[in-house]
Amino acid sequence: MAAPEHRTGERWEPTSEFGWTSKAYDLLEQDLLRAEVALVDGVVTTRVWGCCPRCAGRIDDRQVPTVVGDFTSPRGMADADAAEVLPPVVVVDVTCGCGAAHVDSPEGTTGCGVSFRVELVADSASGPGTP
Ligand SMILES: [Zn+2]
Ligand SMILES: [Zn+2]
């Protein structure tokens with residue numbers, strides 16, 4: 001599927017309406033947006049990349065989300081697979097970082113201003129499942 005064209009003419013707006021989170025979900029289903037979560041040295045790292053749900057620019061967002069919980073393996077469980085201590089879902093808020101200066105964007109700011117929420121399911125390495 002062809003990726004939509006980057007709408008750089010979209011006005012910059014610091015919006016986090018749920019509609020964008022919903023659109024991001026659609027893009028995830030279409031593989032136009034990807035989300036990945038990894039556990040590296042006991043630290044949960046997320047990456048969300050692909051098309052911005054608002055301006056369709058290319059974004060690549062990496063975060064180390066604050067996750068509540070203890071991710072160190074309990075003593076006596078040396079064989080525990082690191083993947084098993086991952087939380088089932090990690091939620092990250094992503095802000096557009098398409099790299100383009102949109103109309104009305106504050107000086108030095110790139111992206112269209114949209115923020116959206118992505119839920120990353122730790123154990124679905126093959127991508128988002130179908131509902
Ligand atoms: Zn954008
Ligand atoms: Zn953009």
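**Terms and their grounds**

Tutor: Let us begin with valine 48, which lies in strand E2; strands (E, at least two residues) and helices (H or I, at least four) are DSSP runs, numbered from the N terminus. This is a predicted model, in which local features need pLDDT of at least 70, side-chain atom pairs count only at pLDDT 80 or more, and totals for chains, interfaces and linings use all residues. Residues are numbered from 1 along each chain as its sequence is written, while chains are lettered from A and ligands numbered from 1 in the order in which they are written.

Student: Why is valine 48 called buried?

Tutor: A residue is buried if 20 or more other C-beta atoms lie within 10 Å of its own, exposed if 12 or fewer, and partly exposed in between, with C-beta atoms placed from the backbone. Valine 48 has 23 other C-beta atoms within 10 Å and is therefore buried.

Student: Which residues does valine 48 touch, not counting residues up to four places away in sequence?

Tutor: Contact requires C-beta atoms, placed from the backbone, within 7 Å. With residues up to four places away in sequence left out, valine 48 touches Leu33, Ala35, Asp61, Val92, Val94 and Val118.

Student: What makes aspartate 41 count as exposed?

Tutor: Aspartate 41 has 6 C-beta neighbours inside 10 Å, and therefore counts as exposed. This residue is found in the loop between E1 and E2.

Student: Why does aspartate 104 count as exposed?

Tutor: Aspartate 104 counts as exposed because it has 11 C-beta neighbours inside 10 Å. Its place is the loop between E4 and E5.

Student: What is the phi of each of these two aspartates?

Tutor: Phi is near 50° in aspartate 41, a positive value in a residue other than glycine. Aspartate 104, also not a glycine, has a positive phi of about 75°. Most residues other than glycine have a negative phi.

Student: What makes a set of residues a nonpolar core?

Tutor: Its members must be buried Ala, Val, Leu, Ile, Met, Phe, Trp, Tyr or Cys residues joined through C-beta atoms within 7 Å. The largest such core here has 25 residues, of which Ala24, Cys52, Cys96, Cys98, Cys112 and Val118 touch the most other members. Helix H1 (18-29) and strands E1 (33-40), E2 (43-51), E4 (89-95) and E5 (115-121) each supply at least two residues; H1 gives the most, with 4.

Notes: Contact = placed C-beta atoms within 7 Å.
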